[in-house]
Amino acid sequence: MSDKKNQKHTNSNQVVSENKLILIKNPIICLVLIGLVGLAIRIYSYPYDLPVYQDVSDYFWYAIDMSILGEFPQMAPSQVLAVPPYPGYSFPNNGWPVFLSLFFSLANFENVLQYMDLQRCITITISILTMIPLYFLCTKFFGKYFSLLGTALFAFQPRIIENSLLGGNEPLFLFLVVCTLALFLNKNIKMIYVSFTVAGLLSLVRYEGLLILIPMTIVFFYRFRFSKITVTKYAIAIGLILLILLPMAHIRIETLGYDGLLSNIIAGPKYIQDTVSTGEVFWENLEMNQVSGIEKTFYFIQNGVENLVKNLGKSLVPTFSILAPIGIFFLCRKLDYKKITLIITLAVFLLPAFYIYSRGFGDLKYLFVLFPIFSVVSMFTLRRIFIRSNESSKIFVVFLTGFLIFSLGYLVYFSPDLEHEQEALEIATIIKDTTKKVNGYYPEGVYLIHLIKNSDLEEFPVFSTDRPSTTDKFVSNTDWLEYLDDPEGKNIESLLAGDIKEIDSVEDYIKFGKKVGLTHLVTDGKSAQPRILNDVFYNEKNYPYLLKQFDSTEHGFKYHMKIYKINFHLFEKYLENDLR
């Protein structure tokens with residue numbers, strides 16, 4: 001179907017509802033208002049005085065190091081090996097921290113939290129700006145007035161709002177995905193060339209961005225037909241991508257040891273093959289080491305499908321749960337190159353999520369890349385409602401208001417408890433000031449790590465390697481890997497999950513802890529590492545050698561955390577009596 005016929009078909013379906021939206025005199029003003037409301041929600045939900053943590057913290061320190069060095073930091077080839085003289089981070093997706101370092105190099109703040117706030121402000125800004133290319137993407141399928149609902153669906157999406165406050169790479173990734181699609185569906189071949197260039201940048205932010213070349217390649221030849229001229233144009237487009245990717249791949253090889261693009265995409269199938277054929281850590285608790293490779297493959301696929309469906313269902317709540325599934329039905333009718341682009345893109349970006357979920361991870365962020373597409377797909381459902389209605393202007397306002405109410409309601413009842421996070425930070429300060437060395441606890445322990453490493457810096461910015469080590473305060477992962485006789489970190493995933501099978505009693509833990517300077521135990525009854533320490537929280541009378549030093553509820557905290565000092569003299573007597 002030609003572009004003219006596609007446009008005629010689209011217009012015929014839109015003209016009725018478009019003419020009814022008389023309340024909207026200027027869609028640009030409405031777009032700005034939607035953006036301001038989305039910004040206001042993000043400001044209201046902002047985690048004030050809280051640091052970024054985990055992989056977001058790694059991006060932060062990469063950006064800080066790069067802003068000081070003026071060049072790409074050297075990294076260890078894996079996180080397990082990220083020990084001095086290497087910085088404490090290792091990842092292939094350095095597009096976001098490189099971009100972030102540009103802002104850090106211009107900033108002149110005095111402490112680490114101000115730079116972390118800048119990081120969050122940038123991700124919030126990018127999240128709001130994503131509305132602009134998404135609006136133009138919607139206009140490829142719908143009229144300029146009706147497309148405002150698609151941008152509102154995205155701007156008020158509660159999970160997108162929450163994610164934009166974390167400071168991670170997802171907002172930039174989503175922005176570039178939407179820009180790529182909006183430019184690719186343009187009629188101008190120059191804009192299509194630009195879309196391939198943006199796709200290259202997309203792949204630097206997250207390596208799975210390379211997968212977008214699959215729908216772009218298929219639709220490119222479907223749209224322009226296979227010919228020498230088309231092949232030449234495609235070669236130019238691929239050349240533009242290579243101009244983006246090859247220099248960064250070379251830099252990554254020099255600083256990381258591998259290109260971080262094809263190497264990581266190939267690593268996925270290799271992991272599946274190794275897991276199915278050799279039975280590594282993945283199968284430890286599944287009693288499947290003795291079954292055949294075919295049965296393991298079936299389980300792997302089954303696990304991936306079940307978790308994908310479950311998490312996909314969760315991600316659709318609240319705004320997409322009805323609109324998107326029905327919209328996909330309409331999307332698949334009367335196909336043209338624009339619809340085919342969305343369908344293939346949707347299918348292709350489900351593959352990384354399937355791989356992640358088949359490995360047992362449950363984070364919904366791997367589905368966020370689908371949300372802009374869900375926003376467009378949902379519009380097909382809404383258009384059917386508008387065409388059949390005689391009061392489109394009123395319905396428009398109702399839906400716009402409804403999206404906002406659903407979003408606010410979800411954020412109020414299901415968003416992270418910021419009061420809990422603030423209390424976890426305050427309690428971490430108490431632990432830091434009143435103990436010498438403690439066990440790990442997760443996830444609240446990230447605040448203690450932040451305080452140990454960042455709170456006593458006399459000046460800032462500083463190199464990440466110049467910060468204090470946590471080994472003097474925490475029983476570290478390195479200590480446990482040595483204890484497990486696992487210097488290569490093969491059991492690091494179970495270790496980080498607090499699943500240390502060799503430790504089956506509090507006494508065994510303290511025996512080892514004494515060797516590395518352990519003085520206190522901290523537990524909230526659910527997050528202590530190893531998990532056996534959580535028993536202390538509920539049955540402290542069974543451990544007479546532990547002296548309760550702090551109980552948070554006695555000091556007005558809602559978050560219940562206890563700190564116990566280990567009396568090693570009583571501990572030795574306890575062991576002697578127990579042996580008798």
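Please keep in mind that the model before you is predicted.

I begin with the protein overall. It has 580 residues, of which 53% are buried. There are 25 helices and 5 strands. Among contacts with a separation of 6 or more, 73% join residues 24 or more positions apart.

Let me turn to the cores. The largest nonpolar core contains 120 residues, and those with the most contacts inside it are Ile34, Phe60, Leu137, Leu149, Phe196 and Val376. Consider Ile34: with its neighbours within four places in sequence set aside, Ile34 contacts Met131, Leu148, Thr151, Ala152, Ala155, Phe156 and Leu400. A second, separate core has 20 residues, including Ile431, Tyr441, Val522 and Phe557.

My last topic is a helix pair. Two packed helices are described by the angle between their axes and the distance between the axes. For helix H9, residues 170–184, and helix H10, residues 189–205, the axes come within 8 Å and cross at roughly 160°. Angles over 145 degrees count as roughly antiparallel, so H9 is roughly antiparallel to H10. The crossing of the two helices is left-handed.

Which residues meet here? From H9, they include Leu172, Phe173, Leu176 and Phe184; from H10, they include Met191, Ile192, Phe196 and Val205. The residues of this contact comprise 16 nonpolar, 2 polar and no charged.

Definitions and conventions:
Residues are numbered from 1 along each chain as its sequence is written. This is a predicted model: local features need pLDDT of at least 70, side-chain atom pairs count only at pLDDT 80 or more; totals for chains, interfaces and linings use all residues. Side-chain values use heavy atoms; hydrogens and water are left out. Axes are lines fitted to C-alpha atoms, for helices over the stretch in contact, and angles run from 0 to 180 degrees between N-to-C directions. Helices (H or I, at least four residues) and strands (E, at least two) are DSSP runs, numbered from the N terminus. Angles under 35 degrees count as roughly parallel, over 145 as roughly antiparallel, 65 to 115 as roughly perpendicular and the rest as oblique. A crossing is left-handed if the near helix is turned anticlockwise from the far one by less than a right angle, and right-handed if clockwise. Contact means heavy atoms within 4.5 Å. Ala, Val, Leu, Ile, Met, Phe, Trp, Tyr, Cys and Pro count as nonpolar, Asp, Glu, Lys and Arg as charged, and the others, Gly among them, as polar. A nonpolar core is a set of buried Ala, Val, Leu, Ile, Met, Phe, Trp, Tyr and Cys residues joined through side-chain atoms within 4.5 Å. Buried means under 20% relative accessible area, exposed over 50%, partly exposed in between (1.4 Å probe, protein chains only).
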